[in-house]
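Here is a walk through one protein model, from overall shape down to single residues. Keep the viewer open as you read.

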Amino acid sequence: MRFPKKPFRSHGGANVVHRKNTKDMESVVMPTPEEVVIPMIQHIGAACVPVVKKGDEVKIGQIIGDTDKFMSAPIHSSISGTVTKIDEIRLPNAQSVQAVTIKSDGKSEVYEGIKPPKVENKDDLIKAVRASGLVGLGGAGFPAHVKLNIPDGKKVDTMIVNLAECEPYITTDYREAIENSWEVMSGIYAIKEILGIDRVIIAVEDNKPEAVKILTDIAENESSDADDRVKVLKLKSKYPQGAEKVTIKVCTNRVVPQGKLPLDVGCLVMNVTSVAFLATYLKTGMPLINKRITLDGSAIQYPKNIIVPIGTKIKDIVEFAGGYKEKPKKIIMGGPMMGIALIDDQTPVLKQNNAILAFNEKDAKLMEPTACIRCGKCVSSCPMNLMPTMLEKYSQAEDVEGLKKYDIMACMECGCCAYNCPAKRNLVQSIRMGKALVRKSQ
């Protein structure tokens with residue numbers, strides 16, 4: 001198959017200020033915290049059920065939560081220690097879920113049953129990926145074994161490795177490419193070979209020249225890619241090119257219809273960190289227990305890229321990085337465009353988290369919305385070709401039929417409309433409320 005020489009055009013978007021302050025900061029490993037709180041749902045789909053109880057001794061990599069539901073992923077202990085309680089907590093998205101609290105024993109003992117999986121075919125790969133607990137590490141948290149389980153009759157000819165990382169501040173995927181470039185490529189080759197994929201496009205925004213160079217050098221090496229089936233495609237730096245449907249459009253010029261999946265247009269999209277983790281798991285058998293996050297923002301004393309055990313509380317991460325420079329007015333889990341504001345810093349890090357941002361009062365100040373001036377900027381900036389003004393109108397009127405007419409469920413809540421709105425309307429919040437109305441009516 002041919003590779004595109006340059007990216008295709010996509011509709012809308014926003015020219016955000018990237019502020020990649022930590023791009024040159026090598027990741028540091030955080031020491032084991034005194035305790036971790038590990039929620040039983042860290043993915044799209046069904047929640048896991050705890051398979052341990054209060055008082056149990058657990059080790060690193062041991063399963064502590066699982067379910068027989070297909071749309072799910074097992075959850076493992078990120079430290080060794082004692083289960084002190086199993087209770088219900090509320091996640092940042094307001095979902096209530098069971099969580100396992102583990103107090104560290106300071107030994108960091110690894111579970112005895114960990115060993116590299118034997119993978120010789122597609123079925124072996126799907127079983128191994130599920131056992132690893134891997135979910136989409138770019139933010140969505142879609143169970144990876146479900147994504148890789150291509151149904152019979154479906155042909156995926158193109159795999160896109162997503163290294164756009166278009167949100168401001170976040171540099172975790174970039175550091176993965178710089179620090180573990182060979183693991184990235186190893187994961188790519190493994191997936192390509194087992195699933196029989198014809199070509200792989202590594203999508204990198206042009207504000208990451210070092211990542212472009214490193215990955216291109218490996219991909220163009222004949223000993224690594226003798227068939228020349230893996231190429232790096234340099235994208236323009238524009239938000240939200242990391243969104244799955246937008247990435248597919250700019251890399252292949254294919255459009256994923258509403259209600260359909262990437263595989264319906266012959267594509268598989270994997271986050272670069274997910275691919276690198278898979279390569280490591282196939283070699284070691286160590287499941288997903290750690291996560292690299294970017295800690296940044298005007299209220300943070302020393303911004304860093306930090307590898308932390310999953311379940312570590314945000315306050316412990318901040319303390320490790322030198323504490324707050326000043327009292328934070330707003331703490332965000334994720335990026336400033338699509339992240340979720342938190343009520344405090346007691347929230348634990350989840351598998352799909354990639355940033356913790358803390359801002360002072362000046363940077364957290366909200367603009368007062370004014371009347372819509374019908375300028376149309378929200379419409380022209382929407383990557384999904386929607387009409388945010390109409391969605392806001394029908395959401396406020398609680399008009400479910402109007403919301404359906406204007407295709408509200410196609411919105412991916414990227415925030416381009418609100419970012420480009422000169423009246424500073426709270427468009428995304430209104431659309432989220434509208435989506436809730438539609439779901440409630442079904």
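Predicted model: local features only at pLDDT ≥ 70, side-chain atom pairs only at ≥ 80, totals over all residues.

Residues are numbered from 1 along each chain as its sequence is written, and side-chain values use heavy atoms, with hydrogens and water left out.

Start with the fold. The protein has 14 helices and 17 strands; these are DSSP runs (helices H or I, at least four residues; strands E, at least two), numbered from the N terminus. The radius of gyration is 22 Å, close to the 22 Å from the globule rule for 442 residues, so the protein is as compact as a globular protein of that length. That radius is taken over C-alpha atoms, and the rule is 2.2 Å times the number of residues to the power 0.38. Along the principal axes, the C-alpha atoms fill a box of roughly 65 × 55 × 45 Å.

Next, burial. Of the 442 residues, 52% count as buried. Buried means under 20% relative accessible area, exposed over 50%, and partly exposed in between (1.4 Å probe, protein chains only). Contacts (heavy atoms within 4.5 Å) reach across the sequence: among those between residues at least 6 apart, 74% join residues at least 24 apart.

Now look inside. A nonpolar core is a set of buried Ala, Val, Leu, Ile, Met, Phe, Trp, Tyr and Cys residues joined through side-chain atoms within 4.5 Å. The largest one has 46 residues, and Met159, Met185, Ile188, Ile191 and Leu268 have the most contacts inside it. Helix α7 (residues 272-284) gives the most to this core, with seven residues. A second, separate core has 18 residues, including Val37, Val52, Val97 and Ile102. In soluble globular proteins, nonpolar side chains tend to be buried together.

Leu268 is worth a click. Not counting residues up to four places away in sequence, Leu268 touches Lys147, Leu148, Val156, Thr158, Met159, Ile160, Ile191, Leu195 and Ile197.

Is Ser181 buried or exposed? Ser181 counts as buried, because its relative accessibility is 9%. Ser181 lies in helix α4 (residues 181-195). Neighbours within four places in sequence aside, Ser181 is in contact with Glu176, Ile214, Leu215 and Ile218.

Finish at Asn385. Asn385 sits in the loop between α10 (377-381) and α11 (388-396). At 53% relative accessibility, Asn385 counts as exposed. His11 is 374 residues away from Asn385 in sequence, yet their C-alpha atoms are 7.2 Å apart.
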